[in-house]
Amino acid sequence: MKQLGDTLHEYYRNTRYLIASDGSKEEKIPTDDILYIEVFSHKLLLHTKSGDYFTKGTLSEIEAQLSDLLFARLDKSSIVNITNIDYIRKNEIILINGDTLFPSRNHIKNIKQCFMDHSRSRWS
């Protein structure tokens with residue numbers, strides 16, 4: 001019963017929304033659906049489980065907005081949602097949808113640590 005309570009607590013703690021556009025309409029995107037966010041053509045491109053969306057702002061602003069959630073910097077122009085990492089192989093991050101990301105050497109250690117901490121917390 002404690003595990004169920006912990007799971008629900010983690011879900012609600014991590015669920016927030018960002019407003020984004022797919023070009024034709026604006027949508028509320030749950031942060032736990034976001035795989036990673038990157039700077040693309042002076043906008044932010046949100047790669048989600050259901051597709052890609054654009055939003056305005058800077059990566060630093062989004063990173064600050066998501067600071068208490070499980071997002072980590074990949075490099076100078078992108079952040080990844082730790083909860084949507086399937087596994088890490090050497091210096092490659094494999095997401096649950098099969099995408100492969102290549103973090104900078106400056107950030108890989110932190111990503112690995114966050115991923116391990118998250119993985120341990122889910123199973124303890």
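The model is predicted.

The protein chain contains three helices and ten strands. Followed along the sequence, these elements are arranged in the pattern α-β-β-β-β-β-α-β-β-β-β-β-α. The protein chain has 124 residues, of which 35% are classed as buried, where buried denotes a relative accessible area under 20%. Among contacts in the protein chain with a separation of 6 or more, 41% are accounted for by residues 24 or more positions apart.

Empty space left among atoms can be shown by rolling over them a probe the size of a water molecule. The second largest pocket holds about 180 Å³ of space. Strand S1 (17–21) and strand S5 (51–55) are the elements that each contribute two or more residues to the lining of this pocket. The greatest contribution to the lining comes from S1, which gives three residues.

The residues that line the second largest pocket are Ile-19, Ala-20, Ser-21, Gly-23, Glu-26, Lys-43, Phe-54, Thr-55 and Lys-56. When these residues are grouped by class, the lining comprises three nonpolar, three polar and three charged residues.

How values were computed:
Residues are numbered from 1 along each chain as its sequence is written. This is a predicted model: local features need pLDDT of at least 70, side-chain atom pairs count only at pLDDT 80 or more; totals for chains, interfaces and linings use all residues. Side-chain values use heavy atoms; hydrogens and water are left out. On a 1 Å grid over the protein atoms alone, a cavity is a set of points where a 1.4 Å probe fits but cannot get out, and a pocket is an open set with protein on both sides within 12 Å along at least five of seven lines; lining residues have an atom within 4 Å of a point. Grid points are joined across faces, edges and corners, and a volume is the space filled by probe spheres set on the points. Helices (H or I, at least four residues) and strands (E, at least two) are DSSP runs, numbered from the N terminus. Ala, Val, Leu, Ile, Met, Phe, Trp, Tyr, Cys and Pro count as nonpolar, Asp, Glu, Lys and Arg as charged, and the others, Gly among them, as polar. Buried means under 20% relative accessible area, exposed over 50%, partly exposed in between (1.4 Å probe, protein chains only). Contact means heavy atoms within 4.5 Å.
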